[in-house]
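Okay, thanks for fitting me in. I've got one structure to walk through today, so let me put it up.

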Amino acid sequence: MNILDFAINYPDEETCRKKFKQLRDQMGVTCRRCNCKEHYWLENKQAYECKRCQARHTLRSSTVMRHSNLPYRYWFVAMHLLTATKGSFFAEISVEEKEKPLKRGRGSQKKTKVLVMAESKTVENPKPGKKPKKVRYLKMKVINELKTDTITKNVKEHVESAADLTTDDSTSYTKLKEHVHSHTASVVTHEELPNVLPWVHTAISNAKLQILGVYYKVKPEYL
Ligand SMILES: [Zn+2]
């Protein structure tokens, strides 16, 4: 079902509430107090009443919506978006697998090269689980090749000369220190990326998720 069919099938709150009731009936309702599975439906209270102990359970109780006052339709839209995009997430996994024999990451074949630059400030005493750096500006740029001149030109154009630059390791970065205050390059494994280049990592993950949530693949000209 695409989003248009969805809008036609679930045009309003009442339709969504009825559908939700139907789904709950199919799943069955279990009494939280006595575990009885037999209930009356009280239409005027919009609640189930346990046949054994008379405990009442709202339509939303014991579901993800139990603490929510949002309309059913909001939840339906959210769930629709989640399930409708699932296909493309799974599809992408198989694509990744197909590409496995090829090199991955930088220098991998058939992939568009995107230069990701993040301006960040080191945080003093970062809270546990929080990133050690605070981000301000982010820039992503599709580049044609990874040659030293291309990279250097872009960094010169987009990065201030007073900056302390942290990068992963590449022979294409050898001239960067001539244009910035300092340059730290280190070999960064996939696992280390969130620590060494936290915002580059986050930006890439978010961009990927956003694109793959909507599209199966994107041609380089649309990046
Ligand atoms: Zn009961």
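This is a predicted model: local features need pLDDT of at least 70, side-chain atom pairs count only at pLDDT 80 or more; totals for chains, interfaces and linings use all residues.

Let's start at T112, which sits in the loop between α3 (72-98) and β4 (113-122).

What does T112 touch, if we ignore its neighbours within four places in sequence? The contacts are V142, P220 and L223. Take L223 from that list: T112 and L223 are 111 residues apart along the chain, and their C-alpha atoms are separated by 8.9 Å.

Okay, zooming out. The protein has six helices and seven strands. Going along the sequence, you read them off as α-α-β-β-β-α-β-β-α-β-β-α-α. If you take the contacts with a separation of 6 or more, 41% of them are between residues 24 or more positions apart. On burial, of the 223 residues in the protein, 5% count as buried.

Now, over to a pair of strands, β6 and β7. Strand β6 is residues 164-168, and it pairs with β7 in the parallel sense, over five bridges. To give you one of the partners, L165 bridges to H183 in β7.

And why do I say β7 lies largely in the open? Because β7, residues 182-186, has five residues and the number buried is zero. One thing to keep in mind when you look at any strand: in a regular one, the side chains alternate between the two faces of the sheet.

Notes:
Residues are numbered from 1 along each chain as its sequence is written. A residue is buried if 20 or more other C-beta atoms lie within 10 Å of its own, exposed if 12 or fewer, and partly exposed in between; C-beta atoms are placed from the backbone. Helices (H or I, at least four residues) and strands (E, at least two) are DSSP runs, numbered from the N terminus. Two strands pair if DSSP finds at least two bridges between them. Two residues are in contact if their C-beta atoms, placed from the backbone, lie within 7 Å.
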